[in-house]
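Trainee: I would like to learn how to read this model feature by feature. Please give me the general idea each time, then the case at hand.

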Amino acid sequence: MKTAVPCYYHLDVDVCPERVGQVRRILAAHLSYWELETHVETVCRGAEMLLTAIDEHATDKHTSIEMWWNGQHLITAIGGQDHGLRPDQDLRACLERIAVMSDGWGCCATGTGSQVIWFSQRARSGERVPLVPTAPAPSLREVRQVPRELPVAALAAPAGEAHGVLEAAR
């Protein structure tokens, strides 16, 4: 079985409307390189929403984008340098949409006072292993009767007579 190699990507960008599309294409290319094509749309949409919100609300547009993949989880983090940006107020609608489309998300402050918003998704590598047919399970050689398969007369007969009906049913 192929084991996953942890992957990391970092990008610093000054956010403007033109750069949002470029960042989307860059992230999509890295996800394709990591064989995670099924997550391109969700990750790029989340990053695009956050970058657009930062462009609208932040005064300092310098942003860092990071992606980690450890073989089970794909984490995308976007950190802004604007100390006045309040995610609970300015980015509330964006964070609500990210919460709906991701498996986990959060917001935290760094030691320098900047904010980091992250979201994660469960992800498996895109390895394509052909399915191997399984051998059928061994069957019982002796068939046993289930009471529902017995005639009604055998179920209603006294214990001594039921034995004779069972042998006749076989």
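Mentor: Start with burial. Buried residues make up 35% of the 170 residues in the protein. Buried means under 20% relative accessible area, exposed means over 50%, and partly exposed lies in between, with a 1.4 Å probe and protein chains only. This is a predicted model: local features need pLDDT of at least 70, side-chain atom pairs count only at pLDDT 80 or more, and totals for chains, interfaces and linings use all residues. Residues are numbered from 1 along each chain as its sequence is written, and side-chain values use heavy atoms, with hydrogens and water left out.

Trainee: How many helices and strands does the protein have?

Mentor: There are 5 helices and 5 strands. Both are DSSP runs numbered from the N terminus: helices are H or I with at least four residues, strands are E with at least two. From the N terminus on, the order is β-α-α-β-β-α-β-β-α-α.

Trainee: And what share of the contacts joins residues at least 24 apart?

Mentor: Contact means heavy atoms within 4.5 Å. Take the contacts between residues at least 6 apart in sequence: 64% of them join residues at least 24 apart.

Trainee: Now helix packing. How is it described?

Mentor: Two packed helices are described by the angle between their axes and the distance between the axes. Axes here are lines fitted to C-alpha atoms, for helices over the stretch in contact, and angles run from 0 to 180 degrees between N-to-C directions. Helix α2 (residues 40-57) packs on helix α3 (residues 92-101) at about 170 degrees, with the axes 10 Å apart.

Trainee: What does that angle make α2 and α3 to each other?

Mentor: They are therefore roughly antiparallel. The classes are: under 35 degrees roughly parallel, over 145 roughly antiparallel, 65 to 115 roughly perpendicular, the rest oblique.

Trainee: Which residues of α2 and α3 meet?

Mentor: From α2 come T42, R45, G46, M49, L50 and A53; from α3 come C94, L95, R97, I98 and M101. By class, the contact has 7 nonpolar, 2 polar and 2 charged residues. Ala, Val, Leu, Ile, Met, Phe, Trp, Tyr, Cys and Pro count as nonpolar; Asp, Glu, Lys and Arg count as charged; the others, Gly among them, count as polar.

Trainee: On to rings. What is the count of aromatic pairs?

Mentor: Rings of Phe, Tyr and Trp (its six-membered ring) pair if their centres lie within 6.5 Å; planes under 30 degrees apart are stacked, over 60 edge-to-face, and the rest tilted. The count comes to 1 aromatic pair. Y8 and W68 form a tilted pair, 5.7 Å centre to centre with 45 degrees between the planes. Y8 sits in strand β1 (residues 7-14) and W68 in strand β2 (residues 62-69), 60 residues apart. Y8 is partly exposed at 46% relative accessible area. W68 is partly exposed too, at 35%.

Trainee: How many disulfides does a search of the whole structure find?

Mentor: A disulfide is a covalent bond between the sulfur atoms of two cysteines. The cut-off here is a pair of cysteine sulfur atoms within 2.5 Å. The search finds 0 disulfides. For C108, the nearest cysteine sulfur is that of C107, 6.5 Å away. C108 is partly exposed at 36% relative accessible area.

Trainee: Take strand β3 next. Is L74 buried or exposed?

Mentor: L74 lies in strand β3 and counts as buried, at 1% relative accessibility. Leaving aside neighbours within four places in sequence, its contacts include L31, W34, V43, W68 and F119. The C-alpha atoms of L74 and Q121 are separated by 5.3 Å, yet these residues are 47 apart along the chain.

Trainee: What about T76 and H73?

Mentor: T76 is also found in β3 and is buried, at 0% relative accessible area. Beyond four places in sequence, T76 is in contact with V43, E66, M67, I117, W118 and F119. H73 belongs to strand β3 (residues 73-80), but it is partly exposed at 31%. Beyond four places, H73 is in contact with W68, Q121, R122 and A123.

Trainee: Last, backbone angles. What phi does E35 have?

Mentor: Most residues other than glycine have a negative phi. E35 is not a glycine, but its phi is positive, about 65 degrees. E35 lies in the loop between α1 (17-33) and α2. At 31% relative accessibility, E35 counts as partly exposed.
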